[in-house]
Amino acid sequence: MTNKVLKFIFLIAILAIPVIIFLFLKSYGDNWFDIPYYYTSGGISEFSDCSYPQDTFRVAMNNKNNKRANVTLFFSENSEFTSTDLVNTRSRLQALFRDNFSFVAHGFNATMDSASFMKLMHCGFVTDTVNQFILHDDRGIIRGYYKTDLEELDRLIVETKILLENE
């Protein structure tokens, strides 16, 4: 009989230890993630047609659709990322982040020639890569650059959630 009691106490102890650790961490721990700030102290790799501030670089916030989390994409259709992919990605992001989220895609069209397209990429968002998502916050600070593959899109979604929870 004492052997069964000893086994029962041992089993309770083994089960209780993870519960105690979980309750301790839940009560006294903080689960806090943050995403990086880009270009906060100058040092931007400059493009020849742009001048950048010496302090924190900020995306121009003249668009009244800017929210707490903003994604900008410079779009050029190719075999890896098509206009259908763009529409699907935009729909997915807007379904996940309804209220505090904006999505803007810039592409070659009749109103924007390649020189102004490249100038906007270089000077406005410090990039020369098309088909790249750029996440920036409501202050215009760039918080991340993401490729268009599914793994990077998942990373964009997670980091957008973090941005919205922390700000």
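**Exercise 1. Identify the residue with a positive phi in the hairpin of E3 and E4, and describe how the two strands pair.**

Solution. The model is a predicted one.
- Step 1. The hairpin of E3 and E4 has 4 residues between the strands, and Gly140 takes a positive phi near 90°.
- Step 2. The two strands, E3 and E4, pair in the antiparallel sense over 4 bridges.

**Exercise 2. Determine whether E3 is enclosed or open to its surroundings, and name the strand joined to E3 by 5 bridges.**

Solution. 
- Step 1. A residue counts as buried when its relative accessible area is under 20%. By that cut-off 5 of the 5 residues of E3 are buried, so the strand is largely enclosed by the rest of the structure.
- Step 2. Considering each face separately, Phe133, Leu135 and Asp137 are buried on one side, while Ile134 and His136 are buried on the other.
- Step 3. E1 is joined to E3 by 5 bridges, and these strands run antiparallel. In this pairing Asn70 stands opposite His136.
- Step 4. Strand E4 (residues 142–146) is mostly covered, with 5 of its 5 residues buried.

**Exercise 3. Describe the largest nonpolar core and state which element gives the most residues to this core.**

Solution. 
- Step 1. This core has 20 residues, of which Leu93, Phe103, Phe133, Leu135 and Leu156 touch the most other members.
- Step 2. Two or more residues each come from strand E1 (69–75), helix H2 (83–96), strand E2 (101–107), strand E3 (133–137) and helix H4 (150–166).
- Step 3. The most is given by H4, with 6 residues.
- Step 4. For one member in detail, Leu93 touches Phe101, Phe103, Leu153, Leu156 and Ile157, leaving aside residues up to four places away in sequence.
- Step 5. Another core lies apart from this one; it has 14 residues, including Cys50, Tyr52, Met121 and Val126.

As background, nonpolar side chains tend to be buried together in soluble globular proteins.

**Exercise 4. Classify the ring pair of Phe103 and Phe133, and decide whether each residue is buried or exposed.**

Solution. 
- Step 1. The ring centres of Phe103 and Phe133 are 6.2 Å apart and the planes stand at 55°, so the pair is tilted.
- Step 2. The pair links distant parts of the chain, since Phe103 is in strand E2 and Phe133 is in strand E3, 30 residues apart.
- Step 3. Phe103 has 7% relative accessibility and therefore counts as buried; Phe133, at 1%, also counts as buried.
- Step 4. For contrast, Ser91 is in helix H2 and is partly exposed, with a relative accessible area of 43%. The C-alpha atoms of Ser91 and Phe103 are 9.7 Å apart in space, and the two residues are 12 apart in sequence.

**Exercise 5. Count the aromatic pairs and classify the pair of Tyr39 and Phe57.**

Solution. 
- Step 1. The count comes to 11 aromatic pairs.
- Step 2. Tyr39 and Phe57 form an edge-to-face pair, 6.2 Å centre to centre with 90° between the planes.
- Step 3. Both residues lie in the loop between helix H1 (2–28) and E1, so the pair ties together parts that are 18 residues apart in sequence.
- Step 4. Phe57 is buried, at a relative accessible area of 4%.
- Step 5. Ring pairs link Tyr38, Tyr39, Tyr52, Phe57 and Tyr145 into a cluster.
- Step 6. A charged residue also meets a ring: Arg143 lies over the face of Tyr37, at 3.8 Å from the ring centre.

Notes. Residues numbered from 1 in each chain as written. Predicted model: local features only at pLDDT ≥ 70, side-chain atom pairs only at ≥ 80, totals over all residues. Heavy atoms only, no water. Core = buried A, V, L, I, M, F, W, Y, C linked by side-chain atoms within 4.5 Å. Buried < 20%, exposed > 50% of the residue type's maximum accessible area, 1.4 Å probe, protein only. Contact = heavy atoms within 4.5 Å. Pairing = 2+ DSSP bridges. Phe/Tyr/Trp six-rings, centres within 6.5 Å; stacked < 30°, edge-to-face > 60°. Lys NZ or Arg CZ within 6 Å of the ring centre and 35° of its normal.
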